[in-house]
Amino acid sequence: MRYGVGPEVLHDVNFTLAPGSFHFLVGPSGAGKSSLLRLMYLAHKPSRGLITLFDRDIATAPRCDLPELRRKIGVVFQEFRLLDHLSVLDNVALPLRVAGMPEKQLRDYAEELLSWVGLADHMQSRPAILSGGQKQRVAIARAVISRPKLLLADEPTGNVDDKIALRLLYLFEELNKLGTTIVIATHNEALISRFGHAQLHLENGELLVRPATKRSV
Amino acid sequence: MFETRSDLPLRGDASRRFLPWLVALNVYLAALALAGLMALGDAVSTWDKGLTGSMTVQIPAPVAPASKIGDGEIAGDNDARVAKALELLRATPGVASAQALSRAEMATLMEPWLGSGALVAELPLPALVDVQLRPAAGVNAGGLESVLAAAVPGATVDDHKKWLDRLVLLVHSVELVAGAVVLLVAGAAIATVIFITRTGLSLHHEVISLLHVIGAQDDYIARQFQSQALALGLKGGAIGFALAAVTVVGLGMLASRLGSQLLPPLSIGPLQWLALAVLPLGVALIGMATARVTVMRTLARLP
């Protein structure tokens, strides 16, 4: 993969994610973790190579089919990417709204999920007034509300303290137990060693798969 | 087709403030052009109806001293020449009536130029005879003039065709200009909406990218832009139409106060007002369609 006419950011990257698996995506800054995630959530097309998602070859899939595939993927962005002009509730409900779910039903779902992540009192608040941890939870709620088959998180613990980071990881594990395949890009060595999931190690544009280790939790 | 809520923060865009005024200006200009065209069309129709099936015979006043002319009649007394012409005209097949205009009627006709003084009475004006023809009479103005001129030298027949032809040419020219104005206005409206939509797409690129990532179809995003374009277009169209209506009514009132015989009533009827009212709606719909096409074409280039 390359951006425009720049150098290849990723090359010789080969891996398969088993359904229901949990991986940490690790590697030094600039190794291409965010670029790999961008390829996986279909925001960028590979300049060469093959990506198969949900048994579909992305390179040959018609553009009109991509939204349906994207709805099976939940994404937690490093910088949250919440819409400041919408309420917390509307931010979380957005994936259901674009999928065409009736307004009443999607509001019920969003309210229930926000209560579950501890933001029941902030449903009508604007994201701008929330703390980093609260924004993170809103971003995660938005990513999981449509029960995605694949959840991609880019440094989800980068803006929160260790206690909240731990809680978020437990939340991801709960989702994983419900069958969601999870890939989390992180630099947090403590969490990686604590949870011991398999690792996709990315360095110099190349990827190495490391198996799961014994968890210390 | 219509979205009442928007996931895109379009309400805060600067375009929201000035697009209605641009649309209002466009609608105002187009409405004036069309209203002028309608009023002119009505005037021509009135003139055409009034003049078709009629002719005007002009009998110039005799030149003193009297001279012997034609087949032995003596010119000098115009009343006799008019009587002769009337007799001939009334005997002509196809002529329903022939009526000489009185001095008073002549004075009324000349009033816009000469005023209402006694000057008209002193001028050697030609006598005018209003000739009404039967429907499909097929009276030839040239032939009638030859016959009349033989009996009443100097008499001419005018079937108004030349004048009407020139008038129709003028009206067609004005129609072309008005059509060009409407096309230019539509073009300007389309260009404005394209520019504003592209600005919006660029301004909200991040949000659009996010909506794509969470699975939004291009149509979902386009609906939000087109709804905004429709709403702003309707608002601007209503303003432009209201201003144009005030202008048209005002001009009509000014024209009627002139009381001129030359100017036809510069007003338009209820059906024409209804047709004009479609204009702001049409402009708003064009704006909506333009916004949609612009968004769909731009988003089609994204992954």
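Which residue in β3(B) is the bridge partner of B:Ile59? The partner is B:Ala127, and the pairing behind this bridge is described below with the sheet of chain B. This is a predicted model, in which local features need pLDDT of at least 70 and side-chain atom pairs count only at pLDDT 80 or more, while totals for chains, interfaces and linings use all residues. Residues are numbered from 1 along each chain as its sequence is written, and chains are lettered from A and ligands numbered from 1 in the order in which they are written.

**Chain A as a whole**

- Chain A has seven helices and eight strands, where helices (H or I, at least four residues) and strands (E, at least two) are DSSP runs numbered from the N terminus.
- For 217 residues a compact globule would have a radius of gyration near 17 Å, and chain A agrees with this at 17 Å; the radius is taken over C-alpha atoms, and the globule rule is 2.2 Å times the number of residues to the power 0.38.
- Taken along the principal axes, the C-alpha atoms of chain A fill a box of roughly 45 × 45 × 30 Å.
- Of the 217 residues of chain A, 40% count as buried, a class that requires 20 or more other C-beta atoms within 10 Å of a residue's own, whereas 12 or fewer make a residue exposed and counts in between make it partly exposed, with C-beta atoms placed from the backbone.
- Among contacts in chain A between residues at least 6 apart in sequence, 65% join residues at least 24 apart, a contact being two residues whose C-beta atoms, placed from the backbone, lie within 7 Å.

**The sheet of chain A**

- Six strands of chain A form an open sheet of mixed pairing in the order β4-β5-β6-β1-β7-β8, where two strands pair if DSSP finds at least two bridges between them.
- The edge strands of this sheet are β4 (73–76) and β8 (206–210) of chain A, each of which pairs on one side only.
- From one strand to the next the twist averages 15°, with axes being lines fitted to C-alpha atoms (for helices over the stretch in contact) and angles running from 0 to 180 degrees between N-to-C directions.
- Strand β1 (residues 22–26) of chain A has five of its five residues buried, so it is largely enclosed by the rest of the structure.
- Both faces of β1(A) are covered, with buried A:Phe22, A:Phe24 and A:Val26 on one side and buried A:His23 and A:Leu25 on the other.
- In a regular strand the side chains alternate between the two faces of the sheet.
- β1(A) pairs in the parallel sense with β6 (residues 181–185) of chain A over four bridges, and A:Phe24 stands opposite A:Ile184 in β6(A).
- β1(A) also runs parallel to β7 (residues 198–203) of chain A, to which four bridges join it, and here A:Phe24 stands opposite A:Gln199.
- β7(A) and β8(A) run antiparallel and are joined by five bridges, with A:Val209 in β8(A) as the bridge partner of A:Leu200.

**Helices across the sheet of chain A**

- Helix α1 (residues 33–40) of chain A lies across β1, β5 (150–154), β6 and β7 of chain A, and runs at about 150° to β5(A).
- Helix α5 (residues 132–144) of chain A lies across β4 and β5 of chain A, and runs at about 170° to β4(A).

**Two residues with positive phi in chain A**

- A:Asp55, although not a glycine, has a positive phi of about 65°; A:Asp55 is found in the loop between β2 (52–53) and β3 (56–57) of chain A, and counts as exposed because it has 5 C-beta neighbours inside 10 Å.
- A:Glu155, although not a glycine, has a positive phi of about 50°; its place is in the loop between β5 and α6 (162–177) of chain A, and A:Glu155 counts as partly exposed because it has 19 C-beta neighbours inside 10 Å.

**The sheet of chain B**

- Four strands of chain B form an open antiparallel sheet in the order β2-β3-β1-β4, and its edge strands are β2 (95–100) and β4 (156–158), each pairing on one side only.
- Neighbouring strands of this sheet are turned by 25° against each other on average, direction ignored.
- Strands β1 (residues 54–59) and β3 (residues 127–133) of chain B pair in the antiparallel sense over six bridges.
- Helix α5 (residues 141–151) of chain B packs on the sheet, where it touches β1 and β4 of chain B, and its direction makes about 160° with that of β4(B).

**Where the chains meet**

- 13 residues of chain B are in contact with 17 residues of chain A, and helix α7 (residues 205–213) of chain B supplies the largest share of the chain B side, five residues.
- By class, the side of chain B that touches chain A has nine nonpolar, three polar and one charged residues, where Ala, Val, Leu, Ile, Met, Phe, Trp, Tyr, Cys and Pro count as nonpolar, Asp, Glu, Lys and Arg as charged, and the others, Gly among them, as polar.
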